[in-house]
Amino acid sequence: MAQVSTGDSEFDRDTAVTPRSPGVFAAELSPGWSILHALNGGYVLAVAGRALGRALPHPDPFTVSAHFLTPSRPGPAEIRTETVRTGRTVSTGQAALVQFADDGSEVERVRVLATYGDLDALTDDVRTSAKPPAMPPPEECFGSSDGPTDAFGDSTLLKRLDVRMDPATSGWAVGRPTGAGELRGWFSLADARQPDPLSLLLAVDALPPAAFDLGISGWTPTVELTVHVRARPAPGPLRVTLATRNLAGGFLEEDAEVWDSADRLVAQSRQLARAPRPQD
């Protein structure tokens, strides 16, 4: 597929925001980013993140923490931002994404607190023990069309992504989860738009839930998600790893790492999610 430029892709169109008044932006949440029966949390976070990038004086998300209060629906939304503090190198703001219920009442969907800066201004000093995941090349990994038709669930999101799962962590798709709670996969947007800091907010939440590798399937709604963007990603597909170590009381944590084509750790995240229930 021919590569599209940033600004021309479906992701950019569907995360677009329009100023309505100082600090307030209108958006139209697209039905094309749903997973099972809800809009993907990373997509909704990217919409709020774009509004904060317009409202704050610094361009790039450094850390973004979101509490998901109610499931977002396709349709109109309003993002109300507030600048909390502006400094020389970073600025902090908050945002509330709201929609209107069928009865006309206002419903807050997501509340975000974020710090933005300039990734290009960071030093190139890197001291890390983290290593990129060893994975087969994308052509040797499994896409959504390679397994059972219901392996990835009823999801319009899959049409917008090119996600290819490492066969070593894909046993859950054929009823053979490893029980380790670990997934690895390649991530790109389906229209070949190159990754940028905003799309990393989607990438950390775009793979199937790590709970699937525990033998638990179904909707895994996010309660809270924090993303750290560490560097501007190089062009090319991203490698994403997910892991959970503790499912207790009906909730689990999910840790993600995102690596770019230059073998740099460009994003990390942790989320708290509700484990799927039998009726989900």
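Which residues does F187 touch, not counting residues up to four places away in sequence? I began my notebook with that.

**Entry 1: ground rules**

I am working with a predicted model, where local features need pLDDT of at least 70, side-chain atom pairs count only at pLDDT 80 or more, and totals for chains, interfaces and linings use all residues. Residues are numbered from 1 along each chain as its sequence is written, and side-chain values use heavy atoms, with hydrogens and water left out.

I looked up the contacts of F187, where contact means heavy atoms within 4.5 Å. F187 touches L161, D162, V163, L202, A203, A206, P237, L238 and V240, leaving aside residues up to four places away in sequence.

Next I looked up the largest nonpolar core. Such a core is a set of buried Ala, Val, Leu, Ile, Met, Phe, Trp, Tyr and Cys residues joined through side-chain atoms within 4.5 Å. Buried means under 20% relative accessible area, exposed means over 50%, and partly exposed lies in between, using a 1.4 Å probe and protein chains only. I found 59 residues in the largest core, and V112, L161 and F187 have the most contacts inside it. Helix α2 gives the most to this core, with eight residues. Helices (H or I, at least four residues) and strands (E, at least two) are DSSP runs, numbered from the N terminus.

**Entry 2: the cavity**

I noted the idea of the search first. Rolling a probe the size of a water molecule over the atoms shows where empty space is left. The search runs on a 1 Å grid over the protein atoms alone. A cavity is a set of points where a 1.4 Å probe fits but cannot get out. A pocket is an open set with protein on both sides within 12 Å along at least five of seven lines. Lining residues have an atom within 4 Å of a point. Grid points are joined across faces, edges and corners, and a volume is the space filled by probe spheres set on the points.

How many cavities of 30 Å³ or more does the structure hold? I found one. The largest cavity has about 40 Å³ of space. F187 turns up again in its lining, along with S188, L189, R193, P195, S199, G236, P237 and L238. Strand β10 (residues 182-189) gives the most to this lining, with three residues. I sorted the lining by class: five nonpolar, three polar and one charged. Here Ala, Val, Leu, Ile, Met, Phe, Trp, Tyr, Cys and Pro count as nonpolar, Asp, Glu, Lys and Arg as charged, and the others, Gly among them, as polar.

The largest pocket holds about 830 Å³ of space. It is lined by 43 residues, with I35, P209, W219, T220 and P221 closest to its centre. β4 (38-39), α2 (41-55), β11 (222-229) and β15 (265-274) each supply at least two lining residues. The largest share, three residues, comes from β15. By class I noted 27 nonpolar, twelve polar and four charged residues.

The second largest pocket has a volume of about 600 Å³. Of its 21 lining residues, D125, V126, R230, A231 and L265 lie nearest the centre. β11 and β15 each supply at least two residues here. The classes are nine nonpolar, four polar and eight charged.

**Entry 3: salt bridges**

A salt bridge is a side-chain nitrogen of Lys or Arg within 4 Å of a carboxyl oxygen of Asp or Glu. I searched the whole structure and found 17.

R50 pairs with D12, their closest N and O atoms being 3.0 Å apart. This pair links distant parts of the chain: R50 sits in helix α2 and D12 in helix α1 (residues 10-14), 38 residues apart. R50 is partly exposed at 23%, whereas D12 is buried at 8%.

R264 bridges to D260, with closest N and O atoms 2.7 Å apart. R264 is partly exposed at 34%, and D260 is buried at 0%. Salt bridges that share partners also join D12, R50, R193 and D196 into one network.

**Entry 4: S170**

Is S170 buried or exposed? I found S170 in the loop between β9 (161-165) and β10. S170 counts as buried, because its relative accessibility is 7%. S170 touches F142 and M165, not counting residues up to four places away in sequence.
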